[in-house]
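Trainee: I have a structure open on my screen and would like to learn how to read it. Could we go through it together?

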Amino acid sequence: MNDHSQQPDIFRNARVLVTGGTSGLGRALVAAFRAHGARVAFVARTAARVAQVAAEEPGTLPIVADVADKAAIHAIALQALGFGAGLDILVNNASSLGQVPLAPLGDTECEALEEALATNVVAPFRLTKALLGALAASAREGRGGTVVNVSSDAAVNAYAGWGAYGASKAALRHMSRIWDDELAAAGVRVLSIDPGDMDTPLHALALPDADPSELQGPAVAAAAIVEAIRVAMPKPTKIDRRSAAPADARAIS
Amino acid sequence: MIAAGHPVQRPAYARLLVIDADGRATASPRARWLDFLESGDVVVANDAATLPASLAGLHAPSGRPIEARLAAWRSPVGGSNPTFDAIVFGAGDYRTPTEDRPPPPRLETGDALVFGPLGATVMARLEHPRFVRLRFDATAPRFFERLARHGRPVQYAHVMQPLAMWDAWTSIAATPVAFEPPSAGFVIAWRDVASMRARRIGFATITHAGGLSSTGDATLDRRLPLDEWYRLPASTVAAIARARNGGGRVIAVGTTVVRALEHAASRRRGLRQGEGMATQRIDARTRLSTVDAIVTGTHEPGSSHHELLRAFASDAVLAKVAGTLERDAFLTHEFGDSMLVFADARTSAARRPPVTSSDARAQFTQRVASGISATCVRAHGGRAQAA
């Protein structure tokens, strides 16, 4: 067991963006980061759900957008970066199964594969690219600069019926590793994390007959992801702590 | 020079004119810009992301169309009811050259302006019919959300196609505070960031809310640049100190970086982390205290950007450079070619202890000569300036 009680929480005032933040793991991550004192922005498509989560998690920044929409990416980035005057942690959590109900590849619509790739591969790529300047600035200032791409065991195992989703998550996992290698010079970490099977709407959509009581709750998985980020993040130094003053303390002339 | 009309940040054909401290010019493909730097130098860039600061809307009292271009923050960055100084035009958009744009309807203090989902109030007229202070009636999150929906990047007639936000963001864009792109930073690719690390060239950033480069009005243009907000992170102060103490040079990417660093350095306590408001003008009379070289666009004589270059090079050198840029058909404006100008002898003469550049350079040369830290020096060729 790690005992962090003696150290200041490195997530306090960390600026976090979570995609797919209104349900399942994403919703749990919003709560987990907020409980650590982070400044959390989250994105989801449905305005009513976004408003509901914003009401349940006061102080968070709600963003209504579809990450699979190219035109939405910089609008998301502008809002998230304007909110925190930068960004320390990006969690690409929004996912699409592609074909619902799940189907063999032979029965998978081409458009369903495209949808899975758009949401699970292209969107995290675009968002990471748009936010890379901020993440690298965060790393230079000793605040971490970390991307988490939510993965799945379907990214490494070939499960019949999971073709569109599995292929997209395999691509995302591979891309995460290349990002992580290439961004070492900039000090930005890119982690691919498989949270395991969870009791989430996405899981229910994929496997409607699964018994939810046998699945871990998303809060448990969210806590594990937060812990994985903590391990990956560099330890802040004294000089960095000073520069990590809360954004709302800033003033103009 | 010819205006670069295509919004491509790093075209393969981009060129760089390097001016060394003795005023000698060398042309190079721009992608090789790092070849002109040395191990121990530090590159400082502006990581401001660009706001979609052009807002089309209506002047509510008259019902007539206007375009407002936000030009400077006049309230805390990220606070509620964001307030800006802005240039306002009448009907039309960027496709009409700025100097041909009609004036806005007469704007009075208290007038309501409607920009799609964003409402604003004229707080003050600023001694010119086109220049006003605007306050937006919105919390910061709502302001950014609506700006993202309705605003467009500030654009000029030399680029035909409408700019998207991604056209205006540099690779390193981090904090959305600028009103025009810090376009010298278009030169920086992520491969350069990795390359700098491999060559032991430092890389650091400031955030500077650069304003408009042109208002379309000669009287207003003379007031540029306006007072501009900036932030200097502790890590950047440390990177500059490291470079200076090791005899390396400070390479500013863009006029905004020169302005912010020289402003911060001129303050009583010197170069320190924190925020500031750059109010000074940099011109032929400026003695640069911190910056040794600038990467910038190919500016026309007479512009405020060109004035700033007079702190780096003599008028005789700049006249020669202008001739070369014209003769060799360099491209100008934000998507155009670039220059790398090393400050001439005035600068090293003005430097004071504890680290004068000549002393540090001498120490550095000695260390290099004794082989202690010679790692990357001269490994890359193409140098424009003798150490």
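Trainee: Happy to start with chain B. How many Å separate the centres of domain 1 and domain 2 of chain B?

Mentor: Keep in mind that this is a predicted model. The domain assignment of chain B gives domain 1 as 2–50 + 163–369 and domain 2 as 54–150. Taken over C-alpha atoms, the centres of domain 1 of chain B and domain 2 of chain B are separated by 30 Å.

Trainee: What classes of residue make up the side of domain 1 of chain B that touches domain 2 of chain B?

Mentor: In that contact, 15 residues of domain 1 of chain B meet 14 residues of domain 2 of chain B. On the domain 1 side, α4 (218–221) and β14 (228–232) of chain B each supply at least two residues. By class, the side of domain 1 of chain B that touches domain 2 of chain B has 7 nonpolar, 5 polar and 3 charged residues.

Trainee: Now chain B as a whole. What percentage of its residues count as buried?

Mentor: Chain B has 10 helices and 19 strands. Among its contacts between residues at least 6 apart in sequence, 74% join residues at least 24 apart. Of the 387 residues of chain B, the share that counts as buried is 52%.

Trainee: Let's pick one residue. Is Phe186(B) buried or exposed?

Mentor: Phe186(B) sits in the loop between β12 (175–178) and α3 (190–198) of chain B. Leaving aside its neighbours within four places in sequence, Phe186(B) is in contact with Gln9(B), Arg10(B) and Thr170(B). The cut-off for burial is 20 or more other C-beta atoms within 10 Å. Phe186(B) has 27 of them, so this residue is buried.

Trainee: What covers the buried residues of α1(B)?

Mentor: Helix α1 of chain B covers residues 140–150, and its buried residues are Ala140(B), Phe143(B), Phe144(B), Glu145(B), Leu147(B) and Ala148(B). Both chains take part in the cover, which includes β10 (118–128) and β11 (131–136) of chain B, together with α3 (73–84) of chain A.

Trainee: How many Å apart are the end C-alpha atoms of helix α1 of chain A?

Mentor: Helix α1 of chain A runs over residues 24–35, and at 1.5 Å a residue its 12 residues should span 16 Å.

Trainee: One last residue. Is Gly142(A) buried or exposed?

Mentor: Gly142(A) is found in the loop between α4 and β5 (146–150) of chain A. Burial needs 20 or more other C-beta atoms within 10 Å. Gly142(A) has 23 such neighbours, so this glycine counts as buried.

Note on methods:
Residues are numbered from 1 along each chain as its sequence is written. Chains are lettered from A and ligands numbered from 1 in the order in which they are written. This is a predicted model: local features need pLDDT of at least 70, side-chain atom pairs count only at pLDDT 80 or more; totals for chains, interfaces and linings use all residues. A residue is buried if 20 or more other C-beta atoms lie within 10 Å of its own, exposed if 12 or fewer, and partly exposed in between; C-beta atoms are placed from the backbone. Helices (H or I, at least four residues) and strands (E, at least two) are DSSP runs, numbered from the N terminus. Two residues are in contact if their C-beta atoms, placed from the backbone, lie within 7 Å. Domain bounds come from an automatic or database domain assignment. Ala, Val, Leu, Ile, Met, Phe, Trp, Tyr, Cys and Pro count as nonpolar, Asp, Glu, Lys and Arg as charged, and the others, Gly among them, as polar. The expected span of a helix is 1.5 Å times one less than its number of residues.
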